[in-house]
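Thanks, everyone. Let me put the structure up, and then I'll walk through a few places in it.

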Amino acid sequence: MGLNTKILFAFSLVTNKILTSSHYTNYTLEDDKVCPVMPGPPKELSVGKDNRSAIIIKDTQYFKNWFGRWDFECRFIVKTKDRMGLFAVIQKMSFRRDIENDACIDYVQFRSVPKKKHIFSLFHREERENNKWSKKYCGQLHQYESIVKDEPPPTSQVAFNAYISKEGEIEVQIHVSNRKLERNFSIEIEMAFTSYMDCSVAPSTYKTCGDGYCIHKDYFSDNVVNCPFISCKDEPNCPKFVYDPTEFEKGLDTKVYVTAVTSIFLSFFLFLGCIMLCRYFDMLCWSEAAPQDHHRAGTELEQVSPTAPPPESPDKDLPPAYETLFPER
């Protein structure tokens, strides 16, 4: 690549970055508007309309050489205007996962926040607390070059690193353990929140994002994934998540092996139980009815004594006596 080409490429990246940042409101985790030092209720961040309807939240140098005295805990709420939903898409993530039990050491979670229906915020807080958190997102994810090792291939159109709130408000929880970082490992997190509208009521300045959802056209082709679906129609260079099934298939193989061994043992014990039942109830080959009949028949034969032929009847005709035949002699 020649010098002029490199300069042109760098200029295009800088220009694109400037244009991109003009449509986003950027926050960092160090900002008191996001993660204040003093504990308190979650901070609320508002998303605007049209080409100001997206924000980006990321860390800068907060977790560099991280070794805190306590775990890092941060909760904040991102909300939109009325009648608008909200997308959350993780752009970059480098959170630790425990190798032994496959649990997330560091993680981020989302949950939908219901619209305020009560006059008193206390009731709204209780209703929000009753909502369930999403799964814990952790592991390694880098935009446009993501190799996913800890997730099976997706079974829905929603990307594994995205979250959708039809209510238009998302509460975010970020947890980073105070465990010391291993060498050559850095913690990183960057998320984009974009409001959306139903395409049936969206103005002409909005473009389809998929599944009937539309976002503003200025968020297309800006190197930020705003659409939460696998197709990510807003970016021509859609991230191709390469699923490395090594860990997933390992767990699957283990389950298959355990299931097969368990089935063999169950079949063996079932067969053994059938044999015991047959012996107990004198069934099949262990039935004693046939030998008893044979023995009874043999005994009856032994008890029958042999008899002589019956005597001849006296009424039977006999030959005449000798004297009657020759009387003169």
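Start with F268, which sits in helix α3, residues 246-280. Helices here are DSSP runs of H or I with at least four residues, strands are runs of E with at least two, and both are numbered from the N terminus. F268 is partly exposed, at 49% relative accessible area. On that scale, buried means under 20%, exposed means over 50%, and partly exposed is in between, with a 1.4 Å probe and protein chains only. Together with F269, L272 and M276, F268 makes a nonpolar surface patch of about 440 Å². A patch of this kind joins nonpolar side chains (Val, Leu, Ile, Met, Phe, Trp, Tyr) within 5 Å, using residues with over 30% relative accessible area and no salt bridge.

A word on the source. This is a predicted model, in which local features need pLDDT of at least 70 and side-chain atom pairs count only at pLDDT 80 or more, while totals for chains, interfaces and linings use all residues. Residues are numbered from 1 along each chain as its sequence is written, and side-chain values use heavy atoms, with hydrogens and water left out.

Now the overall picture. The chain has five helices and 14 strands. Of its 329 residues, 33% count as buried. Its accessible surface is about 22300 Å², and 58% of that belongs to carbon and sulfur atoms. Those areas come from the Shrake-Rupley method with a 1.4 Å probe; for residues, only the protein chains shown count as cover. Take contacts, meaning heavy atoms within 4.5 Å. Among those between residues at least 6 apart in sequence, 73% join residues at least 24 apart.

Next, the inside. How many residues does the largest nonpolar core have? It has 37. A nonpolar core is a set of buried Ala, Val, Leu, Ile, Met, Phe, Trp, Tyr and Cys residues joined through side-chain atoms within 4.5 Å. Residues with the most contacts inside this one include I57, F76, V108 and F193. Strands β3, β4, β5, β6, β10 and β11 each supply at least two of its residues. The largest share, five residues, comes from β5. Leaving out residues up to four places away in sequence, I57 touches a list of partners, among them Y27, L45, F76 and M191. There is also a second, separate core of 14 residues, which includes Y24, I56, A192 and F220.

On to charges. The structure holds six salt bridges. The criterion is a side-chain nitrogen of Lys or Arg within 4 Å of a carboxyl oxygen of Asp or Glu. K79 and E44 form one, at 2.8 Å, N to O. K79 lies in β4 and E44 in β2, so the pair ties together parts 35 residues apart in sequence. Another joins E171 and R75, also with 2.8 Å from N to O. With E171 in β10 and R75 in β4, this pair ties together parts 96 residues apart in sequence. Is E171 buried or exposed? E171 is buried, at 0% relative accessible area. R75 counts as partly exposed, at 30%. R75, R111 and E171 are linked in a network of salt bridges.

Last stop: H216, in strand β13, residues 213-216. H216 is buried, at 6% relative accessible area. Its side chain reaches the backbone nitrogen of D218 at 3.1 Å. Not counting residues up to four places away in sequence, H216 touches D50, N51, S53, T205 and Y206.

Key. Patch = residues over 30% accessible without salt bridge, like charges linked within 9 Å, V, L, I, M, F, W, Y side chains within 5 Å. Polar contact = N/O pair within 3.5 Å; in protein donor to acceptor, adjacent residues only side chain to side chain.
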